[in-house]
Amino acid sequence: MQFVQNLPFISIIVSLFSGSLSSIMGGKKAKRLNLAMMSLVAAMSLMVFLFVLGTGESYVYMMGHFPAPWGNEIRIGVLEAGMALFFCVVMLLCVIGGYQEQAAEIEDEKKNLYYIMINLLLCSLLALIYTNDLFTAYVFVEINTISACGLIMIKQNGRTIEAATRYMIMSLLGSGMLLLGICYLYDVTGHLLMSNIKEQVEIIHRTGQYRVPLLVAVGLMSVGLAIKSALFPFHAWLPDAYGYSTVSSAAILSSLVSKGYIFLLIKIFYRVIGFDVIQDSKVVNILFIFGILGMIMGSISAIRENNIRRMVAYSSVAQIGYIYMGFGLATEAGIMASIFHVLSHAATKSLLFLSASGITDSSNDSTDFFDLTGAGYRNKLAGIAFTVGSLSMVGFPALSGFISKLLFAQAAIGDGWKMFPALIALAVSTVLNAVYFMKTVIRLYTPERTAGREGFREIHMTENRTKSAAMLCLVALNLILGLGSAPIVRMIEQGLGMFA
Amino acid sequence: MDLSNLMHNYPEAVSMILFAIGFSNLLLQKNLIKKIIGLNIMDTAMYLFLALKGYIVGRSAPIVTDGVQSVEAYINPIPAGLVLTGIVVSVSVSALMLSLTIRLYRRFHTLNLDEISTMLKKEGL
């Protein structure tokens, strides 16, 4: 065994311990520790990724000294390592980009608590990505929920506390269903490790035994995770939670937290139940219908919104709908498109949240649509970044959103009765996206003389260096995903192949 | 429909009914404290279900007594371990929900989540 193979485990432990360590530190030190930890974890994930890419096969890492059916395991393949690396990088950029807001909006004695939450969030995301044990996954789902709730309510106003409460209630309903599903699966198969469950499920499926419990378990787990990742119509908490929390929290929540659950669901589909059983079970059809509804309804809500942060938040509902529609197609190509959209949405939505906060900074901290007139001239970099993000969401060529829309369309073609609904929903949703994003971009570049008005000022890109750097990196990430999509799609394919 | 299985497995059926009661309380109650009670009923129902599934009639808890080491003497210990982990999760989640409730009550002087939402809308925050 090579040393590199230990790194996934070490990165989970490092992020967990830096969380505990931050609790006895001051705000500044905790911030530095958090930065160091995230860079370290990103570097380690990169090494693991290159290692797995080099060997071309996945490996299982035993936690403790007990072999397969008894002990706990983590499992690392190309997709897992790549996701871990990507999540680390995006989280790093989101946190760095919001340093100034964190300093202003969080009370001094609570600053270290914020970094504890971020460390724990990263730890739980990594564990969700790597784990090979369903019950461990459940425990880290809960840790993820609790730390996300902390991220929402760290900026103390009535809205965020209410949003955090609603978020907790919805999440607890979801995790209750997930736990019940896991219990059913355990009772039917007698295992908790994903690979062992899959062997048993194959036998059960062949013999036709326990058809109903298996179906119920699949349904409960899918719906539970769908509720937790804010699939329409379970999104009521989302606009408030994303719209009023501090900007890093909003960016992390929309681009990473919901994606952790989605990745777990993909793992459950492939590594626990087996994709054939999923296709037979028809549960995916329900996800497909709600995904399509989400694509349309999320966009319509976004059009009616006059608050730029809430508008971007509603757009997340639509994008989560895309991802579930990809699941619903129940083909390899559909899942691949969904995974690519996870990457593309994470890169784009964090860019949009950061640039939206840059825009509002230059407009008297007003998020109201009508105060933003001409903001693209006042804060040039944020204006450009918002435009890039918007174009990517609409599906402009050369940006990441275009590739994911293309992959979705390709996956939908020739997929029986689902082809026309999927293509029509894609088209309608793209038009709706264009309506609200382009409306905002045009508003940003409508010249208006605001020189005399209080709070409206020009912001140069050197004023908030970390945010400018983060925005530039995210724009670059978008371009990389858009222009260099071929190798990335190949890696996703390779990673999915390793899942089986 | 064959109901003999239901009679045979009535403890499991009871735990599922409890789960449904807890779930619907958590979803539908307006009062936050009642929601939290619903959450606890839901979690406890799940632990009952798990414990039932690990129990084998006529066997004892897996603690070695009188030097008996044979597998046949003991029940399945894994569900018990899962229940313990689950209790830890449930305690921390309840504590978090209760602290959120205190925050909301101090600020809005009500436990009704819908009233709080309408107040926030009026404030236009």
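## Helix packing and chain contacts in a predicted model

H3(A) passes H20(A) in a left-handed crossing; a crossing is left-handed if the near helix is turned anticlockwise from the far one by less than a right angle, and right-handed if clockwise. The structure is a predicted model, in which local features need pLDDT of at least 70, side-chain atom pairs count only at pLDDT 80 or more, and totals for chains, interfaces and linings use all residues. Residues are numbered from 1 along each chain as its sequence is written, chains are lettered from A and ligands numbered from 1 in the order in which they are written, and side-chain values use heavy atoms, with hydrogens and water left out.

**Helix H3 and its partners in chain A**

- Helix H3 of chain A covers residues 78-97 and helix H20 of chain A covers residues 465-483; helices (H or I, at least four residues) are DSSP runs, numbered from the N terminus.
- The axes of these two helices lie 7 Å apart, at an angle of about 150 degrees; axes are lines fitted to C-alpha atoms, for helices over the stretch in contact, and angles run from 0 to 180 degrees between N-to-C directions.
- H3(A) and H20(A) are therefore roughly antiparallel, a term for angles over 145 degrees, while those under 35 count as roughly parallel.
- The contact of H3(A) with H15(A) has twelve nonpolar residues, two polar and no charged.

**Helices H1 and H5 in chain A**

- Helix H1 (residues 7-22) and helix H5 (residues 111-130) of chain A pack at about 160 degrees, with axes 8 Å apart.
- H1(A) and H5(A) are therefore roughly antiparallel, and their crossing is left-handed.
- Among the residues that meet are Ser11(A), Ser15(A) and Ser18(A) in H1(A), and Asn112(A), Leu120(A) and Tyr130(A) in H5(A).
- The contact of H1(A) with H5(A) divides into ten nonpolar residues, seven polar and no charged.

- In one of them, Glu101(A) pairs with Lys467(A), the closest N and O atoms being 2.6 Å apart.
- Glu101(A) lies in helix H4 (residues 99-105) and Lys467(A) in helix H20, so this pair ties together parts 366 residues apart in sequence.
- Chain A gives 31 residues and chain B gives 34 residues to the contact.
- About 3,100 Å² is buried between chain A and chain B, with carbon and sulfur atoms giving 80%; buried area is the accessible area (1.4 Å probe) that two parts lose on being put together, summed over both.
- One salt bridge is found across this interface.
- Asp114(B) and Arg166(A) meet in a salt bridge at 3.8 Å, N to O.

**Backbone features in loops**

- A cis peptide bond, with omega about 0 degrees, joins Phe232(A) and Pro233(A).
- Pro233(A) is in the loop between helix H9 (211-228) and helix H10 (238-244) of chain A.
- Ala330(A), a residue other than glycine, has a positive phi near 60 degrees.
- Ala330(A) is placed in the loop between helix H14 (308-329) and helix H15 (332-361) of chain A.

Conventions. Angles under 35 degrees count as roughly parallel, over 145 as roughly antiparallel, 65 to 115 as roughly perpendicular and the rest as oblique. Contact means heavy atoms within 4.5 Å. A salt bridge is a side-chain nitrogen of Lys or Arg within 4 Å of a carboxyl oxygen of Asp or Glu. Ala, Val, Leu, Ile, Met, Phe, Trp, Tyr, Cys and Pro count as nonpolar, Asp, Glu, Lys and Arg as charged, and the others, Gly among them, as polar.
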